[in-house]
Amino acid sequence: MQYIRFKLTQEQMANWSVGTLLVSDEPALPAECNPPPRRNGSREASGGMRFWCCLALACPALIAAVPSAELCRQCHAPEYEAHVRSAHFTAMKPARQSSFAQGLNGLTLRESADGYEFLYKLTAEGIAITAIRGTRRGEGLIEWVIGAGLQGQTPLVRTPQGLRESRVSYYPKLERYGVTFGHPAGVSSSPEAALGIAETKGEAQQCIGCHSSGVTDDLEPAVPGVQCWRCHDGALEHANGGDKPPFNPGKLSADGQVLFCAECHRLKAPRTNDPGNVRFQPMRLIQSRCYKNSKALACTTCHVAHHDARRNDLDFYNGKCRGCHAAATIHADARGQGNCIGCHMPSVQLHPALRFTDHYIRIARSKSP
Ligand code: HEC
Ligand code: HEC
Ligand code: HEC
Ligand code: HEC
Ligand code: HEC
Ligand code: HEC
Ligand code: HEC
């Protein structure tokens with residue numbers, strides 16, 4: 001197997017474009033690994049299907065070729081232990097294993113104002129979804145659910161017309177299902193619209209590409225979750241005894257590292273002037289004078305690599321500010337002992353269940369963009 005990284009143009013970057021294409025150049029598989037017929041009846045054997053089939057059927061000869069973070073564990077235990085607990089590791093899950101699936105049993109969901117009703121059924125392949133309103137009806141299959149579940153989980157719905165971003169998401173903090181962030185409220189105009197918003201192939205590839213470690217041509221994730229080798233190019237060869245050290249983003253300049261993380265966390269927003277853009281940390285951070293004038297502020301100045309953001313640990317982050325600012329001279333008053341983050345990196349509630357931290361460090365006037 002060989003991973004090919006897309007080189008991003010500025011235009012692609014603006015379009016959220018990102019991804020790794022998995023090109024399968026393995027020899028033909030033993031007969032028992034041939035994929036089961038697909039729903040449309042074709043037996044098209046893509047790299048992705050073969051890959052999963054082998055995982056499921058445990059073809060011993062090929063299992064060794066399946067990359068896994070386990071490969072790194074024996075030599076990099078601390079990084080491994082942190083990473084497997086992080087949202088990167090679980091950024092996408094097989095549908096039945098997701099929190100989205102857990103509460104569905106016997107649940108009836110319906111759009112307000114007598115709109116579409118959603119029926120879910122767990123099947124061997126995932127979660128079957130039917131959207132019904134009167135005589136109108138749409139059906140799809142959820143094989144993958146996107147999102148580690150820190151804030152939300154959104155399924156991808158496979159329909160005869162292609163993949164859709166589900167209209168219904170699960171919000172763990174509220175312990176409830178709701179309309180996906182960014183989707184229109186109200187009654188859906190058609191059964192298809194009730195299933196979700198259509199994704200072009202390119203969009204679906206980007207979506208899976210950011211939440212996994214590679215995506216096949218027929219939109220199967222190579223390995224779900226942002227895995228070690230997604231950030232450490234060359235790590236698989238290194239783990240297999242290669243003599244070149246893998247790429248280490250910790251050795252990039254501050255600019256370089258911000259760009260690196262921005263491949264997924266985004267430097268440019270798909271829509272300008274959208275308050276939701278506060279969730280694109282790199283795009284916000286680079287506007288800060290701290291970033292522009294210090295030339296030293298990187299994501300890892302404040303975030304320990306391999307870990308999620310630390311919650312409720314203001315001392316930790318305020319300590320980072322104090323590393324560059326002598327707080328007492330800047331704020332002779334009580335603010336010098338206060339919570340720098342609360343005033344200069346306020347958190348923004350985008351939706352009842354979604355809260356992000358504004359990484360544009362500044363003298364934040366209320367509602368200033
Ligand atoms: C058999 C032991 C072994 C395995 C397996 C292994 N590594 Fe390493 N790795 C090392 C050693 C030893 C070094 C230190 C090399 C050095 O500093 O010159 C290293 C260094 C690294 C570095 C730092 C490179 C740098 O230039 O700073 C990264 C990143 C890394 N490994 C990632 C991985 C990942 C990811 C995996 C799993 C896919 C992995 N390693 C598997 C032994 C291993
Ligand atoms: C391949 C895409 C990708 C790259 C590259 C990437 N991330 Fe992420 N990151 C994600 C995704 C996707 C999530 C959200 C996972 C989820 O919740 O589903 C995430 C989550 C995180 C979180 C946890 C968020 C939380 O709520 O605690 C932190 C922190 C983070 N990333 C920092 C970084 C930093 C720093 C870098 C660069 C060194 C980086 N990421 C590079 C895709 C990426
Ligand atoms: C350009 C890369 C990129 C693309 C494309 C992308 N995401 Fe994400 N997604 C991220 C990152 C990075 C995060 C982490 C955001 C954070 O915590 O700040 C994230 C977070 C999420 C979360 C919230 C996870 C949580 O609980 O914290 C969901 C749900 C999600 N994405 C779904 C999707 C879906 C569905 C698609 C495609 C239809 C998609 N994303 C496309 C990068 C991407
Ligand atoms: C989201 C991107 C990302 C992922 C995924 C990731 N790393 Fe890293 N890794 C980093 C960054 C960034 C650094 C640099 C940290 C620093 O310099 O502070 C790093 C540094 C390292 C180092 C060098 C540590 C040192 O002391 O110099 C090793 C070894 C490593 N990672 C191993 C792993 C292993 C093993 C995995 C999977 C279990 C993994 N990484 C997953 C981003 C990532
Ligand atoms: C790597 C060093 C560094 C770190 C870390 C850092 N800053 Fe800064 N910050 C700077 C520099 C340099 C400037 C610009 C000073 C100048 O131009 O006079 C600045 C400017 C500022 C400004 C003025 C912004 C404006 O637009 O007028 C504020 C407010 C600020 N920092 C707050 C913080 C807070 C809060 C933190 C922690 C979350 C922080 N800084 C972390 C280096 C840093
Ligand atoms: C000056 C410190 C600082 C820097 C630099 C920084 N962050 Fe953060 N980040 C924070 C703080 C503070 C939080 C909120 C922690 C909490 O939830 O209490 C946070 C939260 C996050 C989250 C969780 C979602 C959210 O928005 O609350 C992600 C993802 C993230 N940062 C990614 C990044 C990336 C990527 C970079 C580099 C472009 C970066 N951060 C640089 C301080 C920083
Ligand atoms: C209660 C809100 C609040 C807290 C807490 C706070 N600041 Fe400020 N900060 C401000 C305001 C407002 C300004 C604008 C100047 C002023 O009013 O004094 C400012 C200005 C600044 C400046 C720019 C000074 C200049 O001359 O351009 C820096 C740097 C700064 N703060 C850093 C910090 C750091 C570091 C902390 C934490 C130790 C912190 N602030 C805590 C509200 C706050």
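Predicted model: local features only at pLDDT ≥ 70, side-chain atom pairs only at ≥ 80, totals over all residues.
In total, 20 residues surround ligand 5. The closest are Cys290, Cys321, Cys324, Cys340 and His344. By residue class, the shell around ligand 5 divides into 11 nonpolar, six polar and three charged residues.

Elsewhere, strand 7 (residues 136-146) pairs with several strands. One partner is strand 3 (residues 92-94). Strand 3 and strand 7 run in the antiparallel sense and share three bridges. Here Pro94 stands opposite Trp144 of strand 7.

Strand 6 (residues 126-133) also pairs with strand 7. The sense is again antiparallel, and the pairing extends over seven bridges. Within it, Thr130 has Glu139 in strand 7 as its bridge partner. Strand 6 and strand 7 form a hairpin, with two residues between them. Gly134 lies in the turn and has a positive phi of about 60°.

Strand 8 (residues 154-159) is a further partner of strand 7. These two strands pair in the antiparallel sense over five bridges. Leu141 has Arg158 in strand 8 as its bridge partner.

Methods:
Residues numbered from 1 in each chain as written. Chains lettered and ligands numbered in written order. Near = placed C-beta within 6 Å. Nonpolar A, V, L, I, M, F, W, Y, C, P; charged D, E, K, R; others polar. Pairing = 2+ DSSP bridges. Helix = DSSP H or I, 4+ residues; strand = E, 2+ residues; numbered from the N terminus.
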